[in-house]
Amino acid sequence: MSTTTPVIPTQTKVAIFGTASLAFCGILVETSMNVTFPTLMHQFHTTLATVQWVTTAYLLAVAATMVITAFIQQRFRWRTIINVGGAGFVLGGLLCTVAPQLWLLLFGRIIQAIGTGLALPLVFAQIMTLVPFTAQGRFTGTAGMLIALAPSLGPTYGGLVTQLLSWRLIFGITLPFGLIAWLITAKTIRQTQAPRSRPFPLCQFGLVVAALILLIFSINNLSTHGLSLVFVWLPLLLAVLAVLTFTRSATRTTHPLINLAVFQQGNFTRALLIYFFIQFIQIGLTFLLPNFAQLALGKNALVSGLMLLAGSLCSAILSPLAGKLMDRRGIRRPFQIGSGFLLLATLSLAGLAQHLSVSLIIGLFVGFQIGFSCLFNNALTYGLQQLPPQLMGDGNALFNTLQQYSGSLGTAIMAVLITLGTRMAPSASSTMQTTLGTQIALWFSLIIIMIVAALALTTKPIANMADDQHQSRSSNH
């Protein structure tokens, strides 16, 4: 791989950093609320199944917004997109800060999610079109450092603010930082391609959103309705039908919502699966472990949040280094290192589930985050590098949509698996029920990580590309 350091304009660096910072603020509050669930259950007099929609609804709204980012980035100026996204983040955050009832909190979360969903894809759109090929891994790693740090840092931040101040200030504190990031990005962002008019495929968008909602609805109902025909199997069947109908429509139109030709690139699909599964488990663990610490180990929100801090910091430090390693040595080396750490950490968590302590969770989560930092952002860079310029926006939209939706699925499925402890041991104490449910969730996580490792270890390196060739293709895009 080339070791030449390309020159990137300061304006481009500032715009990428500003967009990533706004996305960071949006994703930080995404998982910060996980440790507040017991507090919210008490304040709003409701159940865990209801309160978890504070996170699930947010992730669904982000995912639904990201589905249309390929269309939006072609149809509108990037400055317009970031202005709408920044305004959504600020307005939604204000509503969440003052929400007197749960429904208004959910409404504010959805507005803020739309803002985040518009901002996040712009980070990688800028990198893949404005940064030379040989520096994309480093830039994706650095920008991805902020974005990957946010969901794992969220429980620590949320625990600190909830324990020392109020859960409402989770939103209030992030608002000025998000506002500054928005204004900086709006001032510096630029694009190489002028917007062009194209029809919006409303029907296809409706089908995708319906599929996303129906699948989550089906999974959430497992904890309260079991294998109910009406509440579980029917929405699951309708979700599958919506996906099939969307696929049929997208392959028959000249202006699809997402061009499914991206899946003709086998290495792109492989990278997308790695990205989806690893985020699924990472967000799932940021929900599972803090709730285990509170419900089974008797810790407060502050301790359960701080528990994940060391792993979050490791991920922040190592993500840019993992990107540099990919630029210099190719994709195989970081994938090999990351797979080893993920397998060891997840196997240890599952095998020691009955004996987990705060210190043990801290150490094993650090190991998990080391593996995560080696695979996560590099999978995105590697996957997008497989695509021709005209499909880059579609690939970027898929990566970002599945990143958020995998988190929504991870939260929902982990919540369902925790409740299995109650069903399997109805006469046991709540501590034992939570521990049993956590153990089931961790063994399930290990199965998913084994799939990730199998995909990563069989990934083939891509051929080297000259910087000038790639820049030419990017400018055409």
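At 4% relative accessibility, T174 counts as buried, and this residue has its place in helix α9 of a predicted model. The protein chain holds 19 helices and zero strands; its radius of gyration is 21 Å, close to the 23 Å that the globule rule gives for 477 residues, so the chain is as compact as a globular protein of that length. The points below take up the chain as a whole and then a handful of residues.

**The chain as a whole**

- Along the principal axes, the C-alpha trace of the protein chain spans about 65 × 45 × 40 Å, and buried residues make up 60% of its 477 residues.
- Of the contacts in the protein chain with a separation of 6 or more, 84% are accounted for by residues 24 or more positions apart.
- The accessible surface of the protein chain comes to about 17900 Å², and carbon and sulfur atoms contribute 69% of that area.
- The charged side chains number 23 positive and 5 negative, with the centres of the two sets lying 8 Å apart.

- Once its neighbours within four places in sequence are left aside, T174 is in contact with C25, L28, V29, F89 and Y157.
- The side chain of T174 also reaches the backbone oxygen of I170, at 3.4 Å.
- Although T174 and A211 are 37 residues apart in sequence, their C-alpha atoms are 32 Å apart in space.

**T97 in helix α6**

- T97 is found in helix α6, which covers residues 78-98, and its relative accessible area of 18% falls under the 20% limit, so T97 counts as buried.
- A polar atom of the T97 side chain lies 2.7 Å from the backbone oxygen of G93.
- Apart from neighbours within four places in sequence, the residues in contact with T97 are R168, F171, G172 and L175.

**Q126 in helix α7**

- Q126 lies in helix α7, which runs over residues 102-130, and with a relative accessibility of 1% Q126 is counted as buried.
- The side chains of Q126 and T19 are joined by a polar contact of 3.1 Å.

**N400 in helix α17**

- N400 is found in helix α17, which takes in residues 392-424, and this asparagine is buried, with a relative accessible area of 0%.
- The C-alpha atoms of N400 and P121 are separated by 6.2 Å, although the two residues are 279 residues apart along the chain.
- P121 is also one of the residues in contact with N400 when neighbours within four places in sequence are left aside, the others being M66, L120 and F124.

**A194 in a loop**

- A194 has its place in the loop between α9 (169-188) and α10 (202-225), and its relative accessible area of 53% is over the 50% limit, so A194 counts as exposed.
- From C-alpha to C-alpha, A194 and R77 are 7.4 Å apart in space, while in sequence they are 117 residues apart.

Terms used
Residues are numbered from 1 along each chain as its sequence is written. This is a predicted model: local features need pLDDT of at least 70, side-chain atom pairs count only at pLDDT 80 or more; totals for chains, interfaces and linings use all residues. Side-chain values use heavy atoms; hydrogens and water are left out. Helices (H or I, at least four residues) and strands (E, at least two) are DSSP runs, numbered from the N terminus. The radius of gyration is taken over C-alpha atoms; the globule rule is 2.2 Å times the number of residues to the power 0.38. Buried means under 20% relative accessible area, exposed over 50%, partly exposed in between (1.4 Å probe, protein chains only). Contact means heavy atoms within 4.5 Å. Accessible areas come from the Shrake-Rupley method with a 1.4 Å probe; for residues, only the protein chains shown count as cover. Lys and Arg count as positive and Asp and Glu as negative; His and the chain ends are not counted. The place of a charge is taken as NZ of Lys, CZ of Arg, CG of Asp or CD of Glu. A polar contact is a pair of N or O atoms within 3.5 Å; within protein, one must be able to donate a hydrogen and the other to accept it, and residues adjacent in sequence count only if both atoms are side-chain atoms.
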